[in-house]
Amino acid sequence: MTAPSEHPSGPALRARWQETVGRARHAGAAEDAPDPGPYADDLLRRWAEPQRRYHTVDHLVAVLDRVDELAAHADDADAVRLAAWFHDAVYRPDRSENEERSAHLAERALPELGVGAARTAEVARLVRLTVGHNPAAGDRDGEVLSDADLAVLAGTPEEYAAYAAAIREEYGFVPDAAFREGRSAVLRQLLELPRLFRTPLGYDRWEAVARRNVTTELGLLTG
């Protein structure tokens, strides 16, 4: 597993984090707020933990890139970017409270960095939203984060196969029959959503391909 300091995207990610935090801080916070750099280092260490196969630094980069593509749709694009950093910061595949613990991490770290209470609450809300990827109508920030997180579903057949294989590796401790049952339930839940992608750009660009990929994987698991 690549250490965070060795990941090729590490310096660029730290720069993106610094810029986002700088914009997100409330007025007057910059002078006495701590350096955001060590917080980025902590987050990148978390994203590089050895139990991860899909929820890695590469996934963080991909979600941040998709957020940037969809940013014009958001009400608070920097809140969405911060939520992307935190949304899988706590990740143990054998536990069910990852999103809640990730949200708590954001609620602790962001006020220390000078981010105001309202924006911190929005970031934590968005992190919790990734449990089901089902934002309410009109939740533009939630739509952007959800679409960015699900964009992996719209990869080429080869990219999707690599994604599915990485998910299986993360759940390597689960027997095959139990994994097929659990993963099939997740895929059915996604397919039952009226739309996988809620932003106009995400829907136009990714919906049809993602549904085809998910349907194919479900067929392989249940056939």
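Where is Gly-114 found?

A: Gly-114 is in the loop between helix 5 and helix 6. Helices here are DSSP runs of H or I with at least four residues, strands are E runs of at least two, and both are numbered from the N terminus. Before going further: this is a predicted model, with local features needing pLDDT of at least 70, side-chain atom pairs counting only at pLDDT 80 or more, and totals for chains, interfaces and linings using all residues. Residues are numbered from 1 along each chain as its sequence is written, and side-chain values use heavy atoms, with hydrogens and water left out.

Gly-114 is buried, since its relative accessible area is 6%; buried means under 20%, exposed over 50%, and partly exposed in between, with a 1.4 Å probe and protein chains only. Leaving out residues up to four places away in sequence, Gly-114 touches Arg-25, His-26, Ala-29 and Ala-33, where a contact is heavy atoms within 4.5 Å. Arg-101, in contrast, is 13 residues from Gly-114 in sequence, with 21 Å between the C-alpha atoms.

Now for two other loops. His-133 sits between helix 6 and helix 7, and helix 6 covers 117–129. His-133 is not a glycine, yet its phi is positive, about 50°. With 13% relative accessibility, His-133 counts as buried. Arg-95 lies in the loop between helix 4 and helix 5 and, at 37% relative accessibility, counts as partly exposed. From Arg-95 to Leu-187 it is 92 residues in sequence and 19 Å in space, C-alpha to C-alpha.

Helix 2 is worth a stop too. Helix 2 runs over residues 37–47, and its buried residues are Gly-37, Ala-40, Leu-43, Leu-44 and Trp-47. Viewed down the axis of helix 2, these buried residues fall within an arc of 120°, so they line one face of the helix; the arc is that of the directions from the helix axis to the C-beta atoms. An α-helix has 3.6 residues a turn, so residues three or four places apart point the same way. The cover over the buried residues of helix 2 includes helix 1 (10–24), helix 3, helix 4 (77–86) and helix 5. Take Ala-40, in helix 2: its relative accessibility is 0%, so it counts as buried. Trp-17 is 23 residues from Ala-40 along the chain, and their C-alpha atoms are 6.6 Å apart.

On to the pockets. The largest pocket holds about 840 Å³ of space. A pocket is an open set of points on a 1 Å grid over the protein atoms alone, where a 1.4 Å probe fits, with protein on both sides within 12 Å along at least five of seven lines; lining residues have an atom within 4 Å of a point. Points are joined across faces, edges and corners, and the volume is the space filled by probe spheres set on them. Of the 31 residues lining the largest pocket, His-55, Glu-99, Val-131, Tyr-171 and Val-186 are the closest to its centre. Helix 5 (98–112), helix 7 (140–150), helix 8 (157–170) and helix 9 (176–192) each give two or more residues to that lining, and helix 9 gives the most, 7 residues. By class, the lining of the largest pocket has 16 nonpolar, 10 polar and 5 charged residues: Ala, Val, Leu, Ile, Met, Phe, Trp, Tyr, Cys and Pro count as nonpolar, Asp, Glu, Lys and Arg as charged, and the others, Gly among them, as polar.

The second largest pocket has a volume of about 330 Å³. Of its 19 lining residues, Tyr-54, His-59, Ala-62, Val-152 and Tyr-163 lie closest to the centre. Helix 3 (57–70), helix 7 and helix 8 each supply two or more residues, and the largest share, 5 residues, comes from helix 3. That lining splits into 11 nonpolar, 3 polar and 5 charged residues.

Last, confidence. The chain's mean pLDDT, the predictor's confidence in each residue from 0 to 100, is 94, and 97% of its residues reach 70 or more. Over residues 1–5 the pLDDT is below 50, and this stretch has 13 contacts in the model beyond near neighbours in sequence. Where pLDDT is low, the predicted coordinates should not be read in detail.
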